[in-house]
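Work through these exercises with the model open beside you. Try each task before you read its solution.

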Amino acid sequence: MTKPTAMPVRTGLQDRAFVITIDNPPVNVLGQAVRAALLDACDRAAGALGRGEADRVIVTGAGRAFVAGADTREFDRPALDPQLPDVLARLSALPAVAAINGAALGGGFEIALACRARIATPQALIGLPEVTLGVVPGAGGTQRLPRLIGVEAALPLISTGRLVKGTEAARLGLVDAVFDDPLAAALALDAALLARPALDDLPCPAPAPDAGETARRHARKRLRAQVAPLKAIELVETAARLPLAEGLAQERAAFLELRASPQARALRHVFFAERSAAAAPAVARLTPAPLKTALVAGGGTMGAAIAYALQGAGLEIALLEHDEAASDRAKANLRKLFDEAVGRGKMAGDEAEQRLARLRFLHGGEALPPVDLAIEAIYEDLDAKRALFARLARDLPPETLLATNTSYLDVNAIFAGLAHPERCLGLHFFAPAHLMRLVEVIRAAETSAQSLATAFALTKRLGKIAVEAGVCDGFIGNRILMRYRQEADGALLRGAQPADVDAAMADYGMAMGPYAAQDLSGLDIAHANRQRKRRAGLPLSPRETGLPDRMVEELGRLGRKNGRGWFAYVDGAPSPSPEVATLIAQVAQESGIAPVQQGPQGIARRLVLAMIAEGCDIVREGIARRPADIDLVLVHGYGFPRWRGGPMLQADEWGLPQVLDEIRDLALADPACWSIPPLLEQLVAEGRSLAELNGTGR
């Protein structure tokens, strides 16, 4: 017997209200079936009103959400009828009140705007986040919200996609009131409120040209190169000069055009990749071990930030340093983080003092408390890390999860010889660890599935995005970063200057060019890593030009920390360095490399091709489980433009046959630095995309 399909919209009379309940688990997204059922419910509500059975219509959601937005899986297909604007035109003619019981996002809030009144819970999340997906509100958001709160107030909300809780929404005028039980409040609502004009019947709001220019400046600075925010601003301003019907038509046309754009595809790709970022299915099925206590070994900038983040997630923290002076510095580092939180209004001063007092600081050979988790965050030295983990494995319970925060070192070598190696793994946090959302969960040779499950549960508890990675030099992100920097150095030897390369990558959309980024982090860090590999007898890539090492060893240029890096710094402002230009020319001459014409687009294209090639090898080797994980690492950890989706999606957008042809040409011209990724050849031969390896298609 076939199980009946659950109705996505339920209706019924309650007192003298016709109640429409959207019930499409888990978050009531507005797929085609929901829209059709909602349209039918509006017709039945009109009948109940006409027969005198009801004096109002209430729209609410089942579960913990009102409506969390559109079903974005439909965005890659032609728009399906009934479309949401048609549904809301019907709803706006009814004396309806929105009882917002949870998230009302995008199309969900547009439903509320089509009602005569809006009541929300204090914690309901409300807003129009469409620009974060590369589109604009498509069912009246840019036209009705300005009629509700004015153009000036609507502009920053719509152009940034900012979300607010119910209490703030009431203060801003987005909702009429907040109640813990919005349905009960809607049932008792004064009928006079429902007799007021619908937003559709209000005149155009007053224009606010200064607010429009402010919003544009913000969008160009904070959302650089993104199309949707500027289009949203234009549409909000349209509400002040066009009748509603014309404004709605322009809004809908813009929405349909933008949702098919490369930027929208890229932003959807990252959106879905974030939501599907998780452990492998076999790991995800396991129950993670509970974590209540943690030891952080190393209280420098990284260790202090990890300890701060762990405590914020509810763990009791002990911090271990090698001596009393180092322990005092660790305490000062933690105090600085708490002071910054108080200064930003994220924490009250007394709470900060209480949390700092709960931290336990240990040093030297003090006895270690039994903990559920120990994370090492000391300097990058294999012997030092091995010695530390030998102590941790000896002095902590055998079930304690042991994690290293190394950025490059061989995790298997760090844990070699330890008892119970199944509990050992890497947790590569990105700096600053209390703010950056990305964590690479490094799967060592003997890491158990249970340990991985516990690590993924921890990252979720921390509110971070976790990507599983295998063991190789640099894991996912730093391995690609090395290749990217090597190719950038090659551009210098072919005649570009650091400022040229940085400008090319900034034009492409990177948050920072490779040379400004190196100066910020310090040239000595990458130099020390190369020296570490030499001492260990590990081969350096033939792509290494020697130029970065000579910058440190011959010129003593370390970056911003000593005011002399790839750029010269006077009062913090970068400027080209003649000394660096001379060294670049000298290394190019010694290498026998002749200058070639390199425009900004050519430089950027070649550097991104290098990321793509390395990413393909990382997937083929099993270091990354799927191409989308590489995109997440680059977007969240290295400033790759979110609106381009990451290097692996970029390869699909450019077309894998075209990418293969370009890499093949580079490999023919420079076989020492380029080779054809076997995975890329295989996918082209099979007519497949990288996205198909994600298991979800594009």
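**Exercise 1.** How many of the residues of strand β16 (residues 424–429) are buried?

*Solution.* Start with the ground rules. This is a predicted model, in which local features need pLDDT of at least 70, side-chain atom pairs count only at pLDDT 80 or more, and totals for chains, interfaces and linings use all residues. Residues are numbered from 1 along each chain as its sequence is written, and side-chain values use heavy atoms, with hydrogens and water left out.

Next, the terms. Buried means under 20% relative accessible area, exposed over 50%, and partly exposed in between (1.4 Å probe, protein chains only). Strands (E, at least two residues) and helices (H or I, at least four) are DSSP runs, numbered from the N terminus.

Now count. Six of the six residues of β16 are buried. On one side sit Cys424, Gly426 and His428. On the other sit Leu425, Leu427 and Phe429.

**Exercise 2.** Which strands pair with β16, and in which sense?

*Solution.* Two strands pair if DSSP finds at least two bridges between them. Take β15 (residues 401–404): three bridges join it to β16, and the two run parallel. Leucine 402 stands opposite cysteine 424 there. Then take β17 (residues 438–442): it pairs with β16 in the antiparallel sense over four bridges. Here glycine 426 stands opposite isoleucine 442.

**Exercise 3.** What is the strand order in the open sheet of six strands, and which strands stand at the edges?

*Solution.* The order is β1-β2-β3-β5-β7-β10, with mixed pairing. β1 (9–14) and β10 (177–178) stand at the edges; each has a single partner strand, so one side of each is left without a neighbour in the sheet. Look inside the sheet next. β3 (residues 56–61) and β5 (residues 96–100) are parallel and share four bridges. Valine 57 of β3 faces alanine 96 in β5.

**Exercise 4.** Compare the reach of α20 (residues 477–493) with its expected span. Is this helix enclosed or open?

*Solution.* The expected span is 1.5 Å times one less than the number of residues. α20 has 17 residues, and 24 Å is expected. From first C-alpha to last, α20 reaches 25 Å, close to that value. Now check burial. In α20, 17 of the 17 residues are buried, so the helix is largely enclosed by the rest of the structure. Just after α20, glycine 495 takes a positive phi of about 120°.
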